[in-house]
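Take a look at the sequence and the 3D structure below.

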Amino acid sequence: MKSKKRSYAQFLSLPALIIYAIFFVYPLLKGIGTSLTDWDGMSTPHFIGLDNFTAFFKDARAIHDIKTTLIFALASAVLLNVVGLIYALLMNSDFRGKGIARVIIYLPAIISPLIMGYIWYFLLQPGRGYLFYAAKQLGLPDLIGNWMGKYSSSMKVLVFVNVWQFAGMTMIIYLAGLQSIPSELIEAAKIDGAGNIQCFFKVTIPMLMPAIRINVITNIIGSLSVFDVIMSLTEGGPGYATESLSIYIMRMCYGSRTGYSTAVAMILFIIILIPVLISMRLTRQKS
Amino acid sequence: MKEKTSLKIARGILVLLICIMCLVPFYILVVLALNSPSRVFYEGNLFRPDFFWGNFKTAWEKSKIGTAMINSAIITAGTLILTIVTGGLAGYAIARHGTKYNKFSFGIFIGCMMIPGIINTVPLYTLMRRINAVNTLWGMIMVCSALAMPSAVFIFTTFIKALPRELDDAAAIDGCNSVQIFWQIVFPIIKPATASFIILNGFGIWNNYAQAVFFLQSRKKHNIPQALSVFFQQFAGAKWHLMAATAIIAIIPVIVVFLVFQRQFIKGLSEGAIKG
């Protein structure tokens, strides 16, 4: 009787699994097949082997998109962690208004990155944005310059906006990490004669390792699939210069190159798999 | 450990500057939204708006942002309810019955947890078209639920594993079946798990754009980001006062919810970070 009950109860996970299987796992597996075809979304697909993948690596735009995506992800991950950690160190003691400051710094992170991109577009647009007028009134009309016309300045602005928006998120996680370090540990190090800087690198940073790992991995994975902020701020421009792989996938799909766009998705998948596997490896080592 | 006063002041100034940096873009957005339509971009005073409130009325009417808000609310509520109920049941089954089948399903959820939605969006689009789910709110709810499901299953499994089994056994002796045990005994106890799931996923579902751009193309079914981007493209960069007013209308609900629940929110995020 009891074992029968058990066997029925174990299948309570079935509804969740069915939803997940249909709307996530099945398309993921199906995509592998589609990526090997010349399907345009309408007519009968033909098997073309790895042609989509070789076409991808021959396409200068695609290679450039990989570069853009990687630069954006790595620069964002590094800066988000450095800035978030600095914020957390500043906030890691009791002072008046701490609660309010934390809420204000976190606030940008809850807003849609698409909308945030538009807000910065109003501020920064060359020749028309708020900061352009501010600079003009200060007698520095060239301060903003035509940053949208160049790849390097466009990338800097995109990374800046992303870091500005999400530094509060990394800060919260570092704050939690800092607060979990027992103060006796730092006092003991000080008694042993360690200075502030030594204390930071020999005690604080090693104790923060779990928080650092979460932050670095989630930021890299999140930034590798960046979509919203680029769509609203540069639309991938100038030309296709700041186009990310996610945007490329969407545009190829709309361009009726369904087979090819799934192949690009598979390539992005493999790129994302690298940090995922590293994080799984590190978690396993921990336990 | 007493800090020097000069250090305290320096820190205070830095924190203040960071806060200002975080708020200034919002203030500029407000200034822009209150500019009179005749003003050319930012000619004139940069800090004092014209207080032209009519922009909000025009923006509301032209952008159809009200419909988009209702759609976003339905999608977010529907997704959260569906994932909490099914993900909670799954977490219960996995935590309490470590059978091969459940180990396998947990492995699938965790294994795919970090794969972002864009990877399978194109094949998913084909599937959605075949089952007539494109441009429907229920279709978008299913897509968002699938994306949030691993997080739900992971959080509920972890929380339920920490509960004593005696709880279930006592209820079973009283004649409850498994669904009743979950719903009447376990679910009320794991409210913190539900709260942290909502905190970690709610805003992301509300703000979803990468999927909405594929699955919510018809104007009546737009969610907020999709409605905003279409509205902005329509003006091709002109009429900033209307665009800014629409953006403000769009972000007000999110900011209100965040400010009301900020205490639970930041606590939930911090706890999630330590557990992870």
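Let's start at B:A68, which touches B:H222, B:N223, B:I224 and B:A227, leaving aside residues up to four places away in sequence. You'll find B:A68 in helix α3 of chain B. In sequence, B:A68 and B:A227 are 159 residues apart, yet in space their C-alpha atoms are 6.4 Å apart. Is B:A68 buried or exposed? It counts as buried because 27 other C-beta atoms lie within 10 Å, and the cut-off for that is 20 or more.

Keep in mind that what you're looking at is a predicted model. The predictor gives the complex an ipTM of 0.90 and a pTM of 0.90. For chain B, the mean pLDDT is 88, with 94% of the residues at 70 or more.

**The two chains**

Now zoom out to whole chains. Chain B has 13 helices and zero strands, so its elements, read from the N terminus, go α-α-α-α-α-α-α-α-α-α-α-α-α. Chain B is more spread out than a compact globule, because its radius of gyration is 24 Å, well over the 19 Å that the globule rule gives for 276 residues. Chain A also comes with 13 helices and zero strands.

| Property | Chain | Value |
|---|---|---|
| Span of the C-alpha trace along its principal axes | A | about 80 × 75 × 30 Å |
| Span of the C-alpha trace along its principal axes | B | about 75 × 65 × 35 Å |
| Buried residues | A | 44% of 287 residues |
| Buried residues | B | 46% of 276 residues |
| Contacts joining residues at least 24 apart, among those at least 6 apart in sequence | A | 69% |
| Contacts joining residues at least 24 apart, among those at least 6 apart in sequence | B | 76% |

Chain B is also divided into domain 1 (5-57) and domain 2 (64-235). The C-alpha centres of these two domains of chain B lie 37 Å apart.

**Where the chains meet**

How many residues of chain B are in contact with chain A? There are 71 of them, and they meet 73 residues of chain A. Several helices of chain B each supply at least two residues to the side that touches chain A, including α1 (5-33), α3 (65-96), α12 (240-260) and α13 (262-275). The one that gives the most is α1(B), with 12 residues. Sorted by class, this side of chain B holds 55 nonpolar, 15 polar and one charged residues.

**The nonpolar core**

The largest nonpolar core has 162 residues, and those touching the most other members are A:I115, A:F122, A:I249, A:V264, B:A244 and B:A247. Helix α6 (residues 137-161) of chain B brings the largest share, 15 residues. From chain B, domain 1 (5-57) and domain 2 (64-235) each put in at least three residues.

Take A:I115 as an example. Which residues of chain B does A:I115 touch? Its contacts include B:P225, B:L228, B:A247, B:A250 and B:I251.

Some backbone angles here are worth a look. Most residues other than glycine have a negative phi, and most peptide bonds are trans.

In chain A, the peptide bond from A:G237 to A:P238 is cis, with omega near 0 degrees. You'll find A:P238 in the loop between α11 (228-233) and α12 (245-254) of chain A.

Also in chain A, A:S256 is not a glycine, yet its phi is positive, near 60 degrees. A:S256 sits in the loop between α12 and α13 (258-286) of chain A. Because it has 14 C-beta neighbours inside 10 Å, A:S256 counts as partly exposed.

Over in chain B, B:K64 has a positive phi of about 55 degrees, and it isn't a glycine either. Its place is the loop between α2 (54-63) and α3 of chain B. With 16 C-beta neighbours inside 10 Å, B:K64 counts as partly exposed.

How values were computed. Residues are numbered from 1 along each chain as its sequence is written. Chains are lettered from A and ligands numbered from 1 in the order in which they are written. This is a predicted model: local features need pLDDT of at least 70, side-chain atom pairs count only at pLDDT 80 or more; totals for chains, interfaces and linings use all residues. A nonpolar core is a set of buried Ala, Val, Leu, Ile, Met, Phe, Trp, Tyr and Cys residues joined through C-beta atoms within 7 Å. A residue is buried if 20 or more other C-beta atoms lie within 10 Å of its own, exposed if 12 or fewer, and partly exposed in between; C-beta atoms are placed from the backbone. Helices (H or I, at least four residues) and strands (E, at least two) are DSSP runs, numbered from the N terminus. Domain bounds come from an automatic or database domain assignment. Two residues are in contact if their C-beta atoms, placed from the backbone, lie within 7 Å. Ala, Val, Leu, Ile, Met, Phe, Trp, Tyr, Cys and Pro count as nonpolar, Asp, Glu, Lys and Arg as charged, and the others, Gly among them, as polar. pLDDT is the predictor's confidence in each residue, from 0 to 100. The radius of gyration is taken over C-alpha atoms; the globule rule is 2.2 Å times the number of residues to the power 0.38.
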